[in-house]
Protein chains: 2
Amino acid sequence: MRSLQIFALDGVGEINRGDDLVEVFFNALDAGSHRLEHRDVVIVTSKVISKSEGRVVDFDGTDEHRERLIAQESTRILRRRGPLRITETPHGFVNANAGIDQSNTADGTAVLLPRDPDRSARRFRGDVARRRGVDVGVVVTDTFGRAWRNGVADVALGCAGVRPILDLRGTRDAMGRLLEVTEVAIVDEIAAAANLVLAKDAGTPFAVIRGLSDDYFGEGSIAEHVVRAPHGDLFR
Amino acid sequence: MRSLQIFALDGVGEINRGDDLVEVFFNALDAGSHRLEHRDVVIVTSKVISKSEGRVVDFDGTDEHRERLIAQESTRILRRRGPLRITETPHGFVNANAGIDQSNTADGTAVLLPRDPDRSARRFRGDVARRRGVDVGVVVTDTFGRAWRNGVADVALGCAGVRPILDLRGTRDAMGRLLEVTEVAIVDEIAAAANLVLAKDAGTPFAVIRGLSDDYFGEGSIAEHVVRAPHGDLFR
């Protein structure tokens with residue numbers, strides 16, 4: 001039986017610039033009497049990455065200020081409707097309002113996306129290995145809207161130690177034919193799965209997934225492997 | 001601690017028109033010594049729904065035949081590139097080649113999407129309740145490409161007993177402000193999570209998720225709640 005376990009960590013307080021996120025994570029882990037295992041995947045919401053990295057700005061809540069922040073945090077606006085902008089960010093993400101977020105941050109402030117979420121994930125992973133001697137994968141997540149379907153879902157903005165795309169090319173189906181659908185964005189499926197335990201409580205920025213297949217682990221980044229190049233994209 | 005468990009069921013053979021899928025599911029469950037629990041969610045791939053409902057057609061593998069099938073199974077073509085068509089289906093799904101699938105089906109055939117995957121899910125759920133007295137949620141899944149991001153991921157085509165969209169409107173953040181992002185497509189996150197145990201083995205059409213929050217259960221359908229109306233869609 002292939003079986004996964006996913007759990008959220010409780011008891012994480014407010015995160016501020018310069019906080020040692022890995023220490024906060026270890027404290028939450030220990031407080032819940034959890035042990036980290038080799039090949040666990042740790043999910044970290046981008047919001048606490050941003051806060052610890054000082055990506056919080058003053059924001060007066062006006063449309064004018066939002067427009068200025070969106071202009072600063074995006075490279076292109078794909079669509080407009082009312083105050084909503086569908087933006088392309090410097091990372092190549094397509095999202096709403098450049099990912100600028102007013103929830104769960106101090107009044108008069110907004111949280112911006114991390115500058116390089118893959119790097120943040122690599123750093124987190126390296127720190128976990130150094131301090132606890134455990135080799136985990138790390139996925140930095142955020143909540144995005146989607147084309148064609150209602151509702152938001154979590155996706156990966158950065159990763160480390162995880163293969164973002166599982167390449168099944170060369171795999172044969174039960175009838176012995178080569179599979180047509182060959183590249184599965186498992187890193188986004190990991191992000192979505194973690195949100196099932198995180199969605200209802202914005203105060204919980206960490207989840208752990210245990211039991212993922214060995215071949216989900218390896219090298220790769222969101223920037224290089226998941227972001228679709230604009231020129232190859234039918235919907236930009 | 002909020003914690004989820006996800007497991008796949010092994011030992012499911014080929015499914016044919018008229019097969020009793022719920023019996024096949026029970027047999028796989030019993031063979032693996034699993035017990036179904038109240039408020040488990042059962043994930044069923046759309047391919048076995050289609051096969052059991054006879055949605056398999058002759059297909060000679062030529063581009064001409066594919067074009068004819070796509071024309072028959074779609075209401076609109078949004079984009080074209082080489083042999084790829086991004087289609088809108090009668091259900092309102094936006095996908096590649098109207099979801100017509102040649103993998104894991106007999107040579108010379110292709111599998112079409114179920115006509116009404118919400119109805120298929122409701123029927124499956126009703127049968128489970130009748131025969132085993134257990135109230136489960138059911139999600140019928142398929143693998144779709146996405147705009148802006150490489151790789152495919154599983155989404156929900158139909159559901160029963162599960163709230164497809166978790167509405168957090170009225171929920172306040174840790175600072176006491178109303179949340180901005182309010183509607184989470186948990187049904188698609190369930191589909192994605194299940195694919196983490198299903199992706200590598202197309203012979204396994206069933207997974208079970210245990211431990212989902214009570215308020216993820218309720219009424220709703222993919223057709224009504226998840227499919228975005230074309231006129232409100234910025235990318236159609």
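Trainee: Which residue is the bridge partner of A:F7 in β12(A)?

Mentor: In this predicted model, A:V208 is the bridge partner of A:F7. Those two residues belong to a pairing of strand β1 (residues 3-8) of chain A with β12(A), which runs in the antiparallel sense over four bridges.

Trainee: How do you know that strand β2 (residues 41-45) of chain A and β12(A) pair?

Mentor: Strands pair if DSSP finds at least two bridges between them. Strand β2 of chain A and β12(A) have four bridges, in the antiparallel sense, so they count as paired. Within β12(A), A:A207 is the bridge partner of A:I43.

Trainee: Why is strand β12 (residues 206-210) of chain A called largely enclosed?

Mentor: A residue is buried if 20 or more other C-beta atoms lie within 10 Å of its own. Four of the five residues of β12(A) are buried, so the rest of the structure largely encloses this strand.

Trainee: What makes the span of helix α4 (residues 117-132) of chain B close to the expected one?

Mentor: The expected span is 1.5 Å times one less than the number of residues. Helix α4(B) has 16 residues, for which 22 Å is expected, and from first C-alpha to last it reaches 22 Å. Just after α4(B), B:G133 has a positive phi of about 65°.

Trainee: Which residues of α4(B) are buried, and why are they said to be on the same side?

Mentor: The buried residues are B:P117, B:D118, B:S120, B:A121, B:F124, B:R125 and B:V128. They cover an arc of only 165° around the axis, so they lie on the same side of α4(B). As a general point, an α-helix has 3.6 residues a turn, so residues three or four places apart point the same way.

Trainee: What do the buried residues of α4(B) pack against, and which exposed residues are on the face turned away?

Mentor: Among the elements of chain B that they pack against are α1 (21-31), β8 (137-145) and β9 (152-160). The face turned away from the buried side carries the exposed residues B:R130 and B:R131.

Trainee: How is chain A divided into domains?

Mentor: Domain 1 of chain A takes in 5-54 + 114-227, and domain 2 takes in 56-112. Their C-alpha centres lie 23 Å apart. Eleven residues from domain 1 of chain A and twelve residues from domain 2 of chain A make up the contact. On the domain 1 side, the elements that give two or more residues are α2 (46-52) and β8 (137-145) of chain A. By class, that side has five nonpolar, three polar and three charged residues.

Terms used:
Residues numbered from 1 in each chain as written. Chains lettered and ligands numbered in written order. Predicted model: local features only at pLDDT ≥ 70, side-chain atom pairs only at ≥ 80, totals over all residues. Buried ≥ 20, exposed ≤ 12 C-beta atoms within 10 Å, placed from the backbone. Arc of directions from axis to C-beta. Contact = placed C-beta atoms within 7 Å. Domains from an automatic or database assignment. Nonpolar A, V, L, I, M, F, W, Y, C, P; charged D, E, K, R; others polar.
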